[in-house]
Each structure stands twice: as structure tokens, then as C-alpha cells.
Amino acid sequence: MSLTQDEPGDRLIGVWEPSNKKVKVKIDKISGKYYGKIVWLREPNDPDTGKPKTDKNNPDQSLRETPLKGYRMLKDFVYKGDDEWADGTIYDPQNGSTYNCVIKLKDENTLDIRGYIGVKTFGRTDVWKRLVIKR
Amino acid sequence: MKTLGHILLGIFCISIISCSSPKPIEIGEHKIQATATGPLFTGVNTATADFKIQDLLPEGVDIEQLSSAKIKSIIVRPESESAPEVLSYTTLLSSPEEDMNQFAFLNQPDKTTASLTIAEDQSFIIDMLKDSSQTLVIDFNLKEDWYEDWIFDVVIEWELTITK
């Protein structure tokens, strides 16, 4: 796992917050690709059970007790140049769906994350903010 | 003459079927060490280990001959006995050409040895093993800070079959 930011694509590495502020996602690099795992949840416990939230919508029933804290919701992103990472996926734990995804660094502390099925045109973009502001 | 022809045809068919039917291969326990570089802070951290499944196969067997692959079990053991408590484990597998996939997890593991719950759907594993190398990823949720590197001893039990 790379800890130093010595390649242009490594600007993606850090902790980011989606616009709904429900989670914080740490993006790291493993074997040359970028991955984001949930490191913080605004509501860590399931209101129904009082226990830590799990991936209860996972399509594979045998994995539904996997803790959401630590879940890798961004996977397999490759840096394409021009502040864009592609070929990856984003997972929505609220419905258990996985979407194709493209990430664009708008500025050092802002990401456009576009999830889509099939064609990029028919997708939805969310704005994520870096947690530690770089000056 | 006709009967002899039928017998020869039968032998030929049997030999074809026996050559193409999947055969299990024994590779024993696969032991690897996964390392997370410290310092590590409370919450989710990651240890990784690279390996090549080809190195485990018996001599003369090529990864391209693999016809099925499954992980039967994975046991994770922190090397340091004084290491802080781990609240959960999630393990994933990736390779250069394939997407990363989760294959096991465990909540509230025993402090010394954890036998993880394995995914039912492991259809992605065969393509990963046919890739040039594999990466094991262990995400673990630490209860307390730890200021050193963290090393896991990992034992994987594979269920592999090959077609000649």
C-alpha cells in the first residue's frame, strides 16, 4: 500500500465527505489502483438493533453481517490523467447497488463523483469535500 | 473388424472424457504474512500481502489449467500477543486485471486467532487466480492506537481443480 503521494494520481488519497455527510471515506492506493473505505458513520448503530450497522443489502446474503465501518464503497479506480480517475465502481449500501463511476478532482479539496449505469450521460454527480483542507 | 472399431472408439471417448474432467489438486495450507505499516490509529486499518498462486501449484501445472477455485477457510492471527483488540475483519482479493472483491469477514473475533466467515459467491476468484499475481487485503477495525507495524499470519485453505 502506498503511503506517499509521489504520483499525480495520488492527489486522490485522503479522507473525503459526500454531500449528505452521512459517512467519511478514506481513499488509499493498493497495487496501483485507488479504493475508498468508510472510516466514519454519522449513525454507526442500526436503530432497529442498536448494534453496529452492517451491509444488510449486500446481494450476497452470506456477507450481510459485514460491518459497514471499513466497507470499501469505492473500488478499482485508475488514474487517467487530467485529474480524472475511471474504470472504478461506487457501492450504495442503502440499496446494495453498484454503479460505474468516474471521479474528477475539481480542486485540491473538491471531488465530482459521478455514478452511472451503462452510459455516463445518464448518471448522478455528487460533490465530495476533503476532510483535512490542504492549504 | 467392426466390433474392434467400436472398442477403439470407446477407448478414445473414455480417454478424452477422463482427460477433460476436473481433477482436484492438493496445495496444502497457504501461509502468508500481511503487514500494515504503523503507526495505526483507532478505527479501520489495512494490511496487504502479494502472492502468486502459480508458486503454490504442483510442478507441471499451469494456472491456465485451473477449472475451479474456492477459498474453503481463512484464519487470521496477529503476530504480536500484546496487540490491541480487533473489533472486526474484512478480507478482499484483487489482481492487476480484475476488480477487488470481498470474500470473508468476522465481527468480534477472538483476540489470538480468527476463523472468518466465507462468502457463498466466489465466482470471481478463478479469473483472479489466472492473473499474473494476487493481492490479499485485510481491513481490520482497531479498538486502540498501535504505534508499530502490524503483522498478521494468515492461513488460507484453497479448493482448486484443474483440467488437463
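Guide: Welcome! Asp82(A) lies in the loop between strand E4 (72-81) and strand E5 (84-92) of chain A; strands are DSSP runs of E, at least two residues long, numbered from the N terminus, as helices are runs of H or I of at least four. This is a predicted model, where local features need pLDDT of at least 70 and side-chain atom pairs pLDDT 80 or more, while totals for chains, interfaces and linings use all residues. Residues are numbered from 1 along each chain as written, chains are lettered from A and ligands numbered from 1 in the order written, and side-chain values use heavy atoms, leaving out hydrogens and water.

Visitor: What makes the phi of Asp82(A) worth a look?

Guide: Phi is about 55° there, a positive value although Asp82(A) is not a glycine. Most residues other than glycine have a negative phi. Asp83(A), in the loop between E4 and E5 of chain A, also has a positive phi, near 55°.

Visitor: Why is Asp82(A) called exposed, and what is Asp83(A) called?

Guide: Buried means under 20% relative accessible area, exposed over 50%, and partly exposed in between, with a 1.4 Å probe and protein chains only. Asp82(A) has 65%, so it is exposed. Asp83(A) has 22%, so it counts as partly exposed.

Visitor: How do you know that Arg72(A) and Asp139(B) form a salt bridge?

Guide: The term asks for a side-chain nitrogen of Lys or Arg within 4 Å of a carboxyl oxygen of Asp or Glu. For Arg72(A) and Asp139(B) the N to O value is 2.8 Å, so the pair qualifies. Arg72(A) lies in strand E4 of chain A and Asp139(B) in strand E9 (residues 134-142) of chain B, so the pair joins two chains.

Visitor: Why are Arg72(A) and Asp139(B) called buried?

Guide: Arg72(A) has a relative accessible area of 4% and Asp139(B) one of 2%, so both fall under the cut-off.

Visitor: Which residues are linked with them in a network of salt bridges?

Guide: Asp28(A) and Lys37(A) belong to that network too. Their closest N and O atoms are 3.6 Å apart, and both residues are buried.

Visitor: What makes Lys72(B) and Glu157(B) a pair that links distant parts of the chain?

Guide: Their closest N and O atoms are 3.6 Å apart, which makes a salt bridge. Lys72(B) is in strand E4 (residues 66-78) and Glu157(B) in strand E10 (residues 150-162) of chain B, 85 residues apart. Lys72(B), at 45%, is partly exposed, and so is Glu157(B), at 35%.
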